[in-house]
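Hello,

Have a look at it first, and then read on below.

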Amino acid sequence: MECRRIELLIPLLVGGDLSETDAERARAHIQTCADCASLVSEYEASQQWFRQGEPDFDEEFLSGFKREVLQAIYKSRREPRHRWSLAGFFNNRLAIACSAAALLLIAILTFYSSRKGQEIGLDSEAQQAAIPAEESRDTNKTVDSSRANETRPAPEPVKPRKIYHARTKKAPAPRAQTTEIITSRVEYLKQDAAEDAASQEFIKTEIQTGDPKIRIIWLHPKETEPAQSNPLTEF
Amino acid sequence: MAGEVAEISLMTNSLGMSETARPQDEALRSVLTRAASGDISAFEYIVELYQKRVLSTAWRMLGNREDARDAAQEVFLRTYKYIAGYKLDRDFAGWLYTITLNVCRDHLKKRGRADQVTSLDSELEPGEFDRLACQTDVEAEAIRTQQQALVARAIRTLTKKERAAIVLRDIEGLSTGEVARILGTTQTTVRSHVSSARTKIKQFRDRVLKSGRQG
């Protein structure tokens, strides 16, 4: 039993790596145990054999080596210093970390820009929707005035236009409220445009811009055939 | 200057490897300071002083002369590169060993041999060890070469950590504490690696002897 424990200590004993207490105990056992003493001899021989196998570097080899080292150092000195520093800086781990950080940054920027783009698109949609209503009102007025100059039967009573409050400028409401107001205005304008189209007084022109979120809806008066002039009444 | 270098060299030899943790003597400090400030001639003396030790350690770690030569060259290049940041109160030999082991580790990784550990059961030529014993002096060089090859094969049976521990402890003669400091580990771990390495080397030698007797 003691032999097994001592056998484990022998590799350390031959190198002087045991504490004084353990070394004393091992030596005491070895003096009485031939097998363990033999094992110690084997370990010592092995250690000796291992040390003897050291390569022999002769003077010629060493001087050649020194010359090579110095040449390499001179060569490195001729190179710009930043090359070394950059090479040291961009080691593999750092390069991976930098790439990951750059990708993350790009992802964040893309996310924010797309979000901002959505908000801008919503605002412009509301603006675009407000424009035709305004234009149609102006056009309507022109038509009415030109018709008033003509001597013809009284024109059909013009349908009273609704007053849009799209142009009225108000203090900017909080974002959530603004979105609601814009949505309701767009719906309102769409209904009105549909009514106009139904009355066939106006032609609805829709222009789809490059941005799928922006569509220009333009209502303009339907060009009516000029009234048949009565040669008798002309004069 | 040559006298100064000779003096340093003698002092280094007399101190032995186990004394590397001691503060550097003034002459060595002076050379290191000059080398740190970019004096090539001072660095040349450092190369002269330590080249054999670095080459030997690299050979033990890598197992052949050419790899050891490349690694040792890289060690001195790195030393030159970083010597400006070296603190004089630190043990220079220990610092150099750390660089050497790191370079050797890089070499092993690069060549895909980091974990290539030869089994103890790998084939041995019959009578390989006996031939070494019965050669005449004329063939001493060949004997030494063969013995080196056998030791290199014995080293290949060790893991990377065992190699570093046994080379520093048994070949370079550093204390367990110094080895632990250089390897960045505890003394208990170093003892464990050293014990395991000694056992494996003994087993390898036993097998060589056995195959020699059978051959």
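Predicted model: local features only at pLDDT ≥ 70, side-chain atom pairs only at ≥ 80, totals over all residues.

Chain A has 235 residues, and 12% of them are buried. Its secondary structure amounts to eight helices and two strands. If you walk along the sequence, the order is α-α-α-α-α-α-α-β-β-α. Taking contacts in chain A between residues at least 6 apart in sequence, 58% link residues at least 24 apart.

Chain B has 215 residues, with 37% counted as buried. Here you will find ten helices and zero strands. For contacts in chain B with a separation of 6 or more, 69% come from residues 24 or more positions apart.

**Where the chains meet**

Is A:R51 buried or exposed? It counts as exposed, because A:R51 has 12 C-beta neighbours inside 10 Å. Leaving out residues up to four places away in sequence, A:R51 touches B:D170 and B:I171.

**The nonpolar cores**

As general background, nonpolar side chains tend to be buried together in soluble globular proteins. In this model, the largest nonpolar core has 55 residues. The residues with the most contacts inside that core are B:I46, B:A58, B:A71, B:A72, B:C104, B:A165 and B:L168. Which helix gives the most to this core? It is helix α3 (residues 40-62) of chain B, with twelve residues.

Take B:L168 as an example: setting aside neighbours within four places in sequence, B:L168 is in contact with B:Y97, B:L174, B:V179 and B:I182. There is also a second, separate core of eleven residues, and among its members are A:I10, A:A26, A:V40 and A:Y43.

**Helix α3 of chain B and its partners**

Two helix pairs in chain B involve α3(B). In the first, the axes of helix α2 (residues 26-36) of chain B and α3(B) come within 7 Å and cross at roughly 125 degrees. That angle makes α2(B) oblique to α3(B), and the crossing is left-handed. The residues that meet are B:V31, B:R34 and B:A35 from α2(B) and B:A42, B:F43, B:Y45 and B:I46 from α3(B). This contact of α2(B) with α3(B) has six nonpolar, no polar and one charged residues.

In the second pair, the axes of α3(B) and helix α8 (residues 160-171) of chain B come within 10 Å and cross at roughly 140 degrees. The two helices α3(B) and α8(B) are therefore oblique to each other, and α3(B) passes α8(B) in a right-handed crossing. From α3(B), B:T57, B:R60 and B:M61 meet B:R163, B:A164, B:V167 and B:I171 in α8(B). By class, the contact of α3(B) with α8(B) has four nonpolar, one polar and two charged residues.

**Helix α9 of chain B**

Helix α9 (residues 176-183) of chain B has these buried residues: B:T176, B:E178, B:V179, B:A180 and B:I182. After α9(B) comes B:G184, with a positive phi near 70 degrees.

This helix also packs against helix α5 (residues 92-110) of chain B, where the axes of α5(B) and α9(B) come within 9 Å and cross at roughly 50 degrees. They are therefore oblique to each other, and α5(B) passes α9(B) in a right-handed crossing. B:G94, B:Y97 and B:T98 of α5(B) make the contact with B:E178, B:R181 and B:I182 of α9(B). The residues of this contact of α5(B) with α9(B) divide into two nonpolar, two polar and two charged.

Enjoy looking around, and write back whenever you like.

Best wishes

Key. Residues numbered from 1 in each chain as written. Chains lettered and ligands numbered in written order. Core = buried A, V, L, I, M, F, W, Y, C linked by C-beta atoms within 7 Å. Buried ≥ 20, exposed ≤ 12 C-beta atoms within 10 Å, placed from the backbone. Helix = DSSP H or I, 4+ residues; strand = E, 2+ residues; numbered from the N terminus. Contact = placed C-beta atoms within 7 Å. Axes fitted to C-alpha atoms, helices over the stretch in contact; angles between N-to-C directions. Parallel < 35°, antiparallel > 145°, perpendicular 65-115°, else oblique. Left-handed = near helix turned anticlockwise from the far one by under 90°. Nonpolar A, V, L, I, M, F, W, Y, C, P; charged D, E, K, R; others polar.
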